[in-house]
Amino acid sequence: EIVGVGIVIDSNLVVKKVLAGCAAHLCGHVEVGDVLVSIDGQSMHEYFHAICLIIGLQGSYATLGFERYQDTPDGRMRRSYEARLMRGGSDFLELVIRAMSLEREVLNPPNQTGPLYPELLEQLVGTINRSYSLEEDLEQSNEEKLMVLQRLDEAKRFSDTLHSSLISANVALSNLRLREESLSSELMDANSELQSLRKEVQDLQMVRTEVKKLQDQLSSQTLKFEAQSTEMTTLKLKLSDLEQNTVPSLRQLTQTLQTQLQEANQKLEKKKKSCW
């Protein structure tokens, strides 16, 4: 039967409970609050490793090292001690104590005549036989414990590998998050530039519309100007024709009028002279 020594520890290897009737309780040294620091000479730092070394075949021994901190007038003191404890439940330990008591009584019988406690001798022989069987089972248990420790070491190495992989994954995830933030910032900048470009395109479209309107107006003005130029040319031609046709007649008329005016002046002079 695989059993312990009668203590309950937490993940920090601190004793939380001492089971009544078990070895830790019967030795009288182990108390709640003590810290488990070693088992069979091996330093303890991990909970599962400690559990694997504490448990074993019933009747086998384990040497546990503890530390206890006590407040004294001189300050907080640390006390270290070891306890060699037998693995087993309270019923088993009671039987072992009874067998040891019987052995002492057999080896040191009281002064009397008659046989020396045949029933006690029979019980003692049975206890000794069971102890031999327990020793054989203990050897097998040590081999199994060694295999468990090897598996525990393999599991620890695998856990370390997983931990390293997890750290690498966390680093990669952090880099991805940084890259995502950078891409998000770049995307925001690109969206801002796109909005600016869209606004510029709208402005350009408005400018193109205005330019088209101006071009249409210019084309209309050009057509009007061409029409006016054509009219001016026509007028110039008409004026030239008028000059060619009217100027000679005007000159002739002017000469006629001048001649008539001279004649009238002569007549007037004659009348003046006749009046005088």
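This is a predicted model: local features need pLDDT of at least 70, side-chain atom pairs count only at pLDDT 80 or more; totals for chains, interfaces and linings use all residues.
Two residues are counted as being in contact when their heavy atoms come within 4.5 Å. S38 has its place in strand β4, which covers residues 35-39. Once neighbours within four places in sequence are left aside, S38 is in contact with S43, M44, T63, L64, G65 and E82. With a relative accessible area of 12%, S38 falls under the 20% cut-off and therefore counts as buried.

Apart from residues up to four places away in sequence, L64 touches V5, I7, L36, S38, I39, Y81, E82 and A83. L64 also belongs to the largest nonpolar core, which has 26 residues, and in which I7, I9, L36, I39, L64 and F66 touch the most other members. The elements that give two or more residues to this core are β2, α1 (23-27), β4, α2 (47-54), β7 (61-72), β8 (75-86) and α3 (90-107).

Strand β2, one of these contributors, also takes part in a hairpin with β3. Strand β2 (residues 7-9) and strand β3 (residues 15-18) run antiparallel and are joined by 3 bridges, and within this pairing V8 has K17 in β3 as its bridge partner. Between the two strands of the hairpin there are 5 residues, and L13 takes a positive phi near 65°.

The charged side chains give a further set of links, with a count of 4 salt bridges. In one of them, the side chains of K16 and D10 meet at 3.7 Å, N to O.

R68 takes part in a salt bridge with E31, where the distance from N to O is 3.8 Å. This pair links distant parts of the chain, since R68 is in strand β7 and E31 is in the loop between α1 and β4, 37 residues apart. The side chain of R68 also meets that of D34 in a salt bridge, at 2.8 Å from N to O. Because R68 lies in strand β7 and D34 in the loop between α1 and β4, this second pair ties together parts that are 34 residues apart in sequence. Through shared partners, the salt bridges join E31, D34 and R68 into one network.

E31, by contrast, is partly exposed, with a relative accessible area of 42%.

Technical notes
Residues are numbered from 1 along each chain as its sequence is written. Side-chain values use heavy atoms; hydrogens and water are left out. Helices (H or I, at least four residues) and strands (E, at least two) are DSSP runs, numbered from the N terminus. Buried means under 20% relative accessible area, exposed over 50%, partly exposed in between (1.4 Å probe, protein chains only). Two strands pair if DSSP finds at least two bridges between them. A nonpolar core is a set of buried Ala, Val, Leu, Ile, Met, Phe, Trp, Tyr and Cys residues joined through side-chain atoms within 4.5 Å.
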